[in-house]
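Here is a friendly walk through one protein model, from single residues out to the whole chain. Please keep the sequence and the 3D view open as you read.

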Amino acid sequence: MSDEKQELMEFPCRFPLKIMGERHDEFVTTITEVVRINAPDLAEIDVVLRESSGGRFYALTVTVTATSRQQLDDIYLSLTGHPMVKMVL
């Protein structure tokens with residue numbers, strides 16, 4: 001067996017990210033800007049917002065056209081390090 005890490009995904013591909021955070025007026029704008037740093041072609045249609053049943057949290061689904069594993073890793077690190085973000089799936 002080779003020591004080479006076999007890639008499980010083929011790039012480019014559409015990849016949805018689920019981003020959760022507390023409700024904030026600037027949540028969608030801020031998180032979209034964070035994702036666009038590494039995915040500048042992100043379109044508004046690729047961003048879907050849902051509010052929690054209690055209204056305290058937002059769940060944002062952002063679907064990017066990923067070109068590499070490194071790009072996805074960079075997006076994930078940017079999001080998990082942001083103070084507005086509670087969780088990224």
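## Threonine 32 and its surroundings

The side chain of threonine 32 reaches the backbone oxygen of valine 28 at 2.7 Å. That pair falls under the heading of a polar contact, meaning N or O atoms within 3.5 Å; within protein, one must be able to donate a hydrogen and the other to accept it, and residues adjacent in sequence count only if both atoms are side-chain atoms. Before going further, note that this is a predicted model, in which local features need pLDDT of at least 70 and side-chain atom pairs count only at pLDDT 80 or more, while totals for chains, interfaces and linings use all residues. Residues are numbered from 1 along each chain as its sequence is written, and side-chain values use heavy atoms, with hydrogens and water left out.

Threonine 32 sits in helix α1, residues 27–38. Helices (H or I, at least four residues) and strands (E, at least two) are DSSP runs numbered from the N terminus. Threonine 32 counts as buried because its relative accessibility is 5%; buried means under 20% relative accessible area, exposed over 50%, and partly exposed in between, with a 1.4 Å probe and protein chains only. Not counting residues up to four places away in sequence, threonine 32 touches Leu42 and Val47, where contact means heavy atoms within 4.5 Å.

## Helix α1, inside and out

Which residues of α1 are buried? They are Phe27, Thr30, Ile31, Thr32, Val34 and Val35. The cover over the buried residues of α1 includes β1, β2, β3 and α2.

Isoleucine 37 also lies in helix α1, but this residue counts as exposed because its relative accessible area is 63%. Isoleucine 37 and isoleucine 75 are 38 residues apart in sequence, and their C-alpha atoms are 8.0 Å apart in space.

## The nonpolar core

The largest nonpolar core has 21 residues, and those with the most contacts inside it are Ile19, Ile31, Val35, Val62, Val64 and Leu79. The elements giving two or more residues to this core are β1 (13–22), α1, β3 (57–66) and α2 (69–80). Strand β3 supplies the largest share, 5 residues. A nonpolar core here is a set of buried Ala, Val, Leu, Ile, Met, Phe, Trp, Tyr and Cys residues joined through side-chain atoms within 4.5 Å. In soluble globular proteins, nonpolar side chains tend to be buried together.

Leaving out residues up to four places away in sequence, leucine 79 touches Leu17, Ile19, Ile31, Val34, Val35, Val85 and Val88.

## Threonine 61 and aspartate 46

Threonine 61 belongs to strand β3 and is classed as buried because its relative accessibility is 19%. Beyond its neighbours within four places in sequence, threonine 61 is in contact with Pro16, Leu17, Lys18, Asp46, Val47 and Val48. A polar contact of 3.3 Å joins the side chains of threonine 61 and lysine 18.

Aspartate 46 is found in the loop between α1 and β2 (47–51). Is aspartate 46 buried or exposed? Aspartate 46 counts as buried because its relative accessibility is 14%. Apart from residues up to four places away in sequence, aspartate 46 touches Arg14, Thr61, Val62 and Thr63.

Histidine 24 is placed in the loop between β1 and α1, and it is partly exposed, with a relative accessible area of 38%. A polar atom of the histidine 24 side chain lies 2.9 Å from the backbone nitrogen of glutamate 26. Setting aside neighbours within four places in sequence, histidine 24 is in contact with Tyr58 and Met84.

In the segment before β1 you will find proline 12. The peptide bond from phenylalanine 11 to proline 12 is cis, with omega near -5°.

## The whole chain

The protein has 2 helices and 4 strands, in the pattern β-α-β-β-α-β along the sequence. Its C-alpha trace spans about 50 × 25 × 20 Å along the principal axes. Of the 89 residues, 34% count as buried. Among contacts with a separation of 6 or more, 71% are between residues 24 or more positions apart.
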